Amino acid sequence: FNVCTAIDSPPYLPNKREFLTEMASVTVEDGLVAVSDFVRPESLSQEARDTVDTFADAWDLAPIATLEQYKRAIAASDLHLGTVVDISANSIARFR
């Protein structure tokens, strides 16, 4: 495929590397992969981490990765990170 998207399913997939490797395997070289997923900030207090974990558990989500963990999974999957866009203002507010 020239373009592959994963919009609603990534938060439920526990193995980001496996998921991204599969995306890479079905996307043509120089194709585009677009993914929408929750990403946990690196620097959270323990209380905030507990809140994130409670949220993930309530929605039956996989553990929420940090951006650095996601970057490592992307690098291991033969994909190349182009752009990261934070869409929290347009999406996460509905969970509050």
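Colleague: Why is Thr27 called buried?

Modeller: Its relative accessible area is 12%. Buried means under 20%, exposed over 50%, and partly exposed in between, with a 1.4 Å probe and protein chains only. Thr27 has 12%, so Thr27 counts as buried.

Colleague: What kind of model is this?

Modeller: It is a predicted model, where local features need pLDDT of at least 70, side-chain atom pairs count only at pLDDT 80 or more, and totals for chains, interfaces and linings use all residues. Residues are numbered from 1 along each chain as its sequence is written, and side-chain values use heavy atoms, with hydrogens and water left out.

Colleague: Where is the place of Thr27?

Modeller: Thr27 sits in the loop between helix H1 (16–25) and strand S2 (32–35). Helices (H or I, at least four residues) and strands (E, at least two) are DSSP runs, numbered from the N terminus.

Colleague: Which residues is Thr27 in contact with, leaving aside its neighbours within four places in sequence?

Modeller: They are Phe1, Asn2, Cys4, Leu32 and Val33. Contact means heavy atoms within 4.5 Å.

Colleague: What does the side chain of Thr27 reach?

Modeller: The backbone oxygen of Met23, at 2.7 Å.

Colleague: What makes up the largest nonpolar core?

Modeller: It has 11 residues, including Cys4, Met23 and Ala24. Such a core is a set of buried Ala, Val, Leu, Ile, Met, Phe, Trp, Tyr and Cys residues joined through side-chain atoms within 4.5 Å. H1 gives the largest share of this core, four residues.

Note on methods:
A polar contact is a pair of N or O atoms within 3.5 Å; within protein, one must be able to donate a hydrogen and the other to accept it, and residues adjacent in sequence count only if both atoms are side-chain atoms.
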